[in-house]
Amino acid sequence: MAENYPIVSYFMVIFIVIRLPSTVGKTKPSAHSLPDKLHTDPESIIAASADFGNIVRETPTAVLHPSCPEDIAALVKFTYDDDNSSVPFAIAARGRGHSVRGQAMARGGVVVDMTSLARHHGSGGEAAIAVSWNRQLGYYADVSGGQLWRDVLEATLRHGLAPVSWTDYLYLTVGGTLSNAGISGQTFRYGPQISNVYEMDVITGTGELMTCSPDENPELFYSVLGGLGQFGIITRARIALDRAPKRVKWVRLLYSDFSAFTRDQEHLISKNGRDQGDALDYVEGLLLMHRGPPDSWRSSFFPLSDHPRIASLVNRHKIVYCLEVVKYYDDLTQNTVNKDLENLFQGLSHIPEFVFQKDVAYVNFLDRVREGELKLTAQGLWDVPHPWLNIFVPKSRISDFNDGVFKSIILKRSITTGTVLIYPMNRSMWDDRMSAVVPDEDVFYTIGFLYLSGFDDWQQFDLQNKELLSFCEDAGIEVKHYLPNFGNEQEWRRHFGSKWGCSVREKPSSIRR
C-alpha cells in the first residue's frame, strides 16, 4: 500500500540538512558529511516505521545511518539548540527493532540506525569487539552499542571467554538490552546484563558524548542502565567476561502441582554464588498446555517418541509446569557435572518418570531460539503481529496469579499458543541505583506471554493481556512491566514508584521517543 508523506516533513528534512553543518562543526569537523547520512528513501522509512511487534506503525521523517558516535551527538545537539526550538522532533535509537509497541519509533522525527554504528566500528583499524584485561576488572570487552550479542559471543569465544549474563535471543543489540535490563535464566545467579557492565559511552539529551561508570559520572551511568532509552543513547559498553564453558547439561522436569514447581524453583535459585560449584547456571520454567505439541516454537527439546505420553499428561491436568535447568561444564568439570546434578535434584518434587536431558555445546544452547526463528520465517510466521507481554510478579502473590490467570483466564479463553515462561529471580542480583524497576521482594517471578499469533487473531491475545492485567489490579497484585510502553505520566509514575522523582530530575528534556 502506498504511503503519502506530509509536505511539512519534507521541509523539516531540508531545514535539518541546511542547519546541521553549523552544528556538527562544533562537534567534530569531519562530521560535515552528516546530512549525507540522513536517509529519506522509501525503503529506509518503511523499515523504520515498524518493529518486531508489527502492531504499531509510526512514520519517521528520516533515518540516520551514523558512522561514528559524533554523528548521533550532532543530531541530538541540533534538537537541543535553542536556535532550533521552533522545529522540535523526536529521536529514537533503533537496534534490531525488537520492541513490540513502537518503543524504537519516532513519528515525524529521526530514527537512528544503531547497527550502522556497529558496522562502521572498527573500520579505522581498531577491533570492532576489543577484549582486554586489567588487574582491577579482569577480562572485559569494549563493544559498540549497536553490536549484536551473537557477534559478541563469537568474538569473545576466540579468547576462551564469554559474557556471563544473556538474553534468550542473541540477535539483539547491546545498547538495546542494556536500556531494558537484559534477562534470562542466568539472571538468578549472574544478575541481569545491566549488572555486568563496567563502563559506557553515552550521548546525553544535550548532545554531549560522555564516558560514565560507577566512579565517573555515576548518575548518568545508573540512569541509563535499564532507563528504557530515556536518559541517553549507549554507543559503547564495557562488558564483564569470564572463562567460557564448552558444553551444558540441559534438563527439563515436569510437574502437575504448581506449589511443588515454584518451591523447587526457589530452592534451586537459592544457590547463587558465582563461585559456588554446586549451583546451576540457568533456571527457567514454562507452561505446557493442550493447544499445540509439547515443544514450542522456541526450541525442539522433547524426544518425538515421548510426545504422546507428555500430551496425555497435559490432557489429564490441563496445565503441566516444566522446570528447565542448565549446568555448564568444561574439561575440568566433565567428570563431576553429572554428580552435581544428581545432588541438586535430590529432594525435588517433579514427576519422576518425566525427566528429560540433553548434552549440547554451550554455543548451541545460547543460540537455541534462532532455530525456531528460522523455522517460523520459512513458514511466513515470523514477521507477524507479536502482542507479547512480559511482567514481574512478587513471590508472595505467584500462587494467586496461577489461580487467577493460568488456571482461570488462560484456560477459559483457550487461545494461548506459543510459549508462556515463568521463572524466579533474586532481587539481590539487581542494583537498585539503576533505573530498572522490579518488585520489592527478595524473590520475584518473570512471566512472559510469547504468543504465536497472526494478522487475523492478534487482537484476541491483546484482549487477554488486558484481562489478566485487570485481574492483577483488582486482586492487588502489584506487577511491574518489563519492556513497558505507557501512554501517560500517571502510568509512568506508577511504574517507577519511588524512582520516579529521581528519574524525572535526571532526564534531559530533549530525550524523546
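How much of the contact in the chain with a separation of 6 or more comes from residues 24 or more positions apart? The share is 75%, where a contact means heavy atoms within 4.5 Å.

## What you're looking at

This is a predicted model, so local features need pLDDT of at least 70, side-chain atom pairs count only at pLDDT 80 or more, and totals for chains, interfaces and linings use all residues. Residues are numbered from 1 along each chain as its sequence is written, and side-chain values use heavy atoms, with hydrogens and water left out.

## The chain overall

The chain holds 17 helices and 19 strands; these are DSSP runs, with helices being H or I of at least four residues and strands E of at least two, numbered from the N terminus. Of its 513 residues, 57% are buried, meaning under 20% relative accessible area with a 1.4 Å probe, protein chains only.

## Two helices side by side

Take helix α14 (residues 398-413) and helix α15 (residues 458-475): they pack with axes 11 Å apart, at an angle of about 150°. Axes here are lines fitted to C-alpha atoms over the stretch in contact, and angles run from 0 to 180 degrees between N-to-C directions. That makes α14 and α15 roughly antiparallel, the label for angles over 145 degrees.

On the α14 side, the contact includes F401, V405 and I409, while α15 brings in residues including L463, L468 and F471.

## A residue tucked inside

D71 belongs to helix α3 (residues 69-80). With 0% relative accessibility, D71 counts as buried.

Conventions: Buried means under 20% relative accessible area, exposed over 50%, partly exposed in between (1.4 Å probe, protein chains only). Angles under 35 degrees count as roughly parallel, over 145 as roughly antiparallel, 65 to 115 as roughly perpendicular and the rest as oblique.
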